[in-house]
Amino acid sequence: MLKTIANFDRMGEENAFTVLARANALAAQGRDIISLGIGQPDFRTPDFIVEAAIKALRDGHHGYTHATGILPLREAVAADLHKRFGVEVSPELTMILPGGKPTMFMAILMFGEPGAEIMYPDPGFPIYRSMIEYTGAKPVPVPIREENGFAFSAEETLKLITPRTRLLIVNSPANPTGGVTPKAEVDKLVVGLEKWPDVCVMSDEIYDHMVYDGEIHVCLLSYPSLRDRLILLNGWSKTYAMTGWRLGYAVWPPKLFEYARKLAVNLYSCVCASTQYAGLAALTGPQTEIERMVAEFDARRKVVVAGLNKLPGVSCTTPKGAFYAFPNVKRTGWKAKDLATAMLDQTGVVTIGGPDFGILGEGYLRLSYANSTENILKALARMGDFLASRKAA
Ligand code: PLP
């Protein structure tokens with residue numbers, strides 16, 4: 001018998017990928033599937049970005065790069081953060097990684113061990129809890145509440161900090177709720193954190209371009225009191241419709257950068273060189289296609305929220321960011337995961353049950369509206385028929 005370490009039994013999953021595989025299998029059998037499941041833009045990566053990758057390959061960028069990324073790209077990330085948020089970031093502390101996930105993997109590995117506590121949003125991106133459990137640290141969920149517009153509450157967060165807290169993970173705009181935390185609440189959190197100088201903060205800002213209704217994204221790098229203990233997670237996947245390219249970036253505090261570099265060297269050496277040149281083109285090229293995509297998400301958001309609020313037993317708070325709606329389905333009488341499964345089997349509409357994002361996700365579904373308006377309307381009609389005619393299992 002192979003003897004592996006027990007920690008792997010504690011590692012979780014991202015169920016969106018399991019549901020995606022099931023939906024693809026059903027589609028392969030000829031079923032008419034509409035996916036509101038996986039969180040990836042349905043747009044193609046803009047052509048000028050694809051061309052930059054092709055050019056990089058033709059120009060001979062075939063080898064390893066520096067483990068932390070090519071310097072022009074790290075400089076472009078720093079310039080972009082300065083342009084958008086007015087923050088000074090040293091390219092020396094900026095790192096290019098294969099997607100957004102590796103930053104959370106590294107950050108949680110750096111702080112997680114038995115006896116430590118790591119705080120994370122619930123409902124939230126499932127990999128946070130999975131990795132915390134893997135390290136043996138105690139996962140401490142920070143409740144994200146519908147009555148709060150799915151923003152995090154500074155007061156509730158601060159109350160959960162203890163002398164054992166090592167890392168606090170925050171995410172706005174948020175997956176799975178689409179919640180955006182207003183600046184006043186972030187300000188309050190940052191002031192409260194001054195009492196806890198040993199707590200590191202990882203801010204997952206991967207949806208930072210996607211805010212609506214006049215909301216403004218607050219980048220946590222803007223707070224000087226956090227700068228020596230803030231990890232910024234961001235990347236190209238969502239903003240530039242580049243999920244399959246695997247490209248992300250982090251800004252590390254000076255003390256952690258070297259650990260992150262070592263982890264990169266041990267794990268993957270560097271990010272694919274041509275992908276990095278694509279990322280450079282994305283940041284330095286015209287942003288018009290990105291603006292068009294965000295405007296399209298905004299239009300779909302309105303369609304999806306209005307449609308969901310007309311379904312029997314469903315109510316949906318208007319999400320202010322990302323490309324997710326998180327409707328409350330408690331009044332349907334269904335358990336959320338049973339509802340998601342039954343709807344997929346019987347109507348071909350793919351959604352994700354809220355409990356896949358945490359205990360407080362019960363009673364909710366996550367819908368990714370990264371699909372055409374036509375398909376969204378079709379999916380809403382099928383959901384309506386289903387809810388009107390089927391009783392909860
Ligand atoms: N963070 C959040 C909140 C996400 O929703 C996702 C992807 O769904 C990621 C990070 C990971 O992004 P990537 O695909 O670039 O690894």
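Helix α2 and helix α12 (residues 336-347) pack at an angle of about 20°, with 11 Å between their axes; axes are lines fitted to C-alpha atoms, for helices over the stretch in contact, and angles run from 0 to 180 degrees between N-to-C directions. Helices are DSSP runs (H or I, at least four residues) numbered from the N terminus. The structure is a predicted model, in which local features need pLDDT of at least 70 and side-chain atom pairs count only at pLDDT 80 or more, while totals for chains, interfaces and linings use all residues. Residues are numbered from 1 along each chain as its sequence is written, and side-chain values use heavy atoms, with hydrogens and water left out.

The helices α2 and α12 are therefore roughly parallel to each other (angles under 35 degrees). The crossing of α2 past α12 is right-handed, that is, the near helix is turned clockwise from the far one by less than a right angle. Contact (heavy atoms within 4.5 Å) joins Asn 15, Val 19, Arg 22 and Leu 26 of α2 to Lys 337, Leu 344 and Asp 345 of α12. This contact of α2 with α12 comprises three nonpolar, one polar and three charged residues, where Ala, Val, Leu, Ile, Met, Phe, Trp, Tyr, Cys and Pro count as nonpolar, Asp, Glu, Lys and Arg as charged, and the others, Gly among them, as polar.

Helix α5 (residues 101-111) packs with helix α6 (residues 126-135) at about 30°, the axes lying 9 Å apart. These two helices, α5 and α6, are therefore roughly parallel, and α5 passes α6 in a right-handed crossing. On the α5 side the contact involves Lys 101, Met 104, Phe 105, Ile 108 and Leu 109, and on the α6 side Ile 127, Tyr 128, Met 131, Ile 132, Tyr 134 and Thr 135. Nine of the residues in the contact of α5 with α6 are nonpolar, one is polar and one is charged.

The axes of α5 and helix α9 (residues 254-267) cross at roughly 115° and come within 10 Å. This crossing of α5 past α9 is also right-handed. Met 106, Leu 109, Met 110 and Phe 111 of α5 meet Leu 256, Tyr 259, Ala 260, Leu 263 and Ala 264 of α9. The contact of α5 with α9 has nine nonpolar residues, with no polar and no charged ones.

Elements giving two or more residues to the lining of the largest pocket are α2 (15-28) and α5. The lining contains 10 nonpolar, seven polar and six charged residues.

Technical notes
Angles under 35 degrees count as roughly parallel, over 145 as roughly antiparallel, 65 to 115 as roughly perpendicular and the rest as oblique.
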